[in-house]
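I opened my notebook to look up a helix, its surroundings and the nonpolar cores. Here is what I jotted down as I went.

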Amino acid sequence: MEKQLHLNLLASRPPMAGGVQSSSKMRMGPGRKRDFSPLPWSHYYETMEDVEVENENGKDIFRIYCSGSHGPVLLLLHGGGHSALSWAVFTAVICSRITCRVVAMDLRAHGDSKVKNPEDLSADTMAKDIGKVMEVLYGENPPPIMIIGHSMGGAIAVHTAIANHIPSLLGLCVIDVVEGTAMDALNSMQNFLRSRPKTFKSLENAIEWSVKSGQIRNVESARVSMGGQVKKCEETASSPGVSNSIEGIIEEDEEEEAEEESNKKRMKEDDQEMKKESIFTWRVELSKTEKYWEGWFRGLSALFLTCPVPKLLLLAGVDRLDKDLTIGQMQGKFQMQVLPQCGHAVHEDAPEKVADALATFMVRHKFTDFKEGYLC
């Protein structure tokens, strides 16, 4: 049970018996090799832009991805260590279901956002970031906005709503984050983070690991979203013996033949270039964010229940429901749906199911309409 609890915060459960789960079109027959090559954001979003936000220390820049031109705005907030790209496949699906606009945002210190103080990942600061980005995008007359957040992003969505940073807030959807299990998970989170690979030899390698480890069970989603979790870094695989010996020879022959010296220098540079290999590492060192974890999740259930807008809670399993939410659900304070056979990254593992649940919720509350021709 403890192993499962820690995954409720930032990662996914191990794969279920039977292997990786994905959509039927991604299944491979015997002898077929699964494709782990990365997919571009432009297959799923219409536009990408960087939003500049003024703060006390200068300017912060937040990367956003957008789709749609009409209807309410779905503001998508990713989990810890992830990025807006984790919502890519979901975005394509939800935009085919209902009339809406999508804004998926890289939170501070995540993805391609660049902020002056990336160490500050407090719930209060991140909630303020979201309000400022929406203000820059829409000014004093924002459209109706529904916040949808996964894991850490779900917690930040609740804090954003409670602080009234989104005055045109329409509704709130929180995906697979519950105070009770999240708080229980904190004790084992560092062990989980230490168990992850620190580097990957390629982006394809990182994508393959994410699928085979069960972090993301949908191959298509992993192929577009893992690029937002890892970054390329160049390291030289040093070979001191070879390098030093060449350098020594060059020094000895320096006054004898200038042409030979040039050739040997070129050989040295070529040798170093051959030994330089591109590796990928995590964009966010989650272990260093530990001091903020409790602030994200402490008191979350009570805050969620007091948000004065229609609320939807999507969970990967009923074991995640804590006492306060169980009572609140029985009292009809929010709508809940359990999506079985998913890992923690519910919106990546089952984007169609999450889109269907959200679309039905929004249409029921008359926030929007189904698109013509879509059969729910």
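I began at Asn164, which sits just after helix α4 and takes a positive phi of about 60 degrees. Helices here are DSSP runs of H or I with at least four residues, strands are runs of E with at least two, and both are numbered from the N terminus. I noted that this is a predicted model, where local features need pLDDT of at least 70, side-chain atom pairs count only at pLDDT 80 or more, and totals for chains, interfaces and linings use all residues. Residues are numbered from 1 along each chain as its sequence is written, and side-chain values use heavy atoms, with hydrogens and water left out.

Next I asked: how many residues of α4 are buried? I found 10 of 11 in this helix, residues 152-162; buried means under 20% relative accessible area, with a 1.4 Å probe and protein chains only. Met152, Ala155, Ile156 and His159 are among them. The cover over them includes β3 (73-77), α3 (123-138) and α11 (300-306).

Then I looked up Trp296. Its contacts (heavy atoms within 4.5 Å) include Met152, Ala155, Ile156 and His159, leaving aside residues up to four places away in sequence. Trp296 is also one of the residues with the most contacts inside the largest nonpolar core, which has 53 residues. Such a core is a set of buried Ala, Val, Leu, Ile, Met, Phe, Trp, Tyr and Cys residues joined through side-chain atoms within 4.5 Å. I also spotted a second, separate core of 40 residues, including Ile94 and Phe361.

Notes. Buried means under 20% relative accessible area, exposed over 50%, partly exposed in between (1.4 Å probe, protein chains only).
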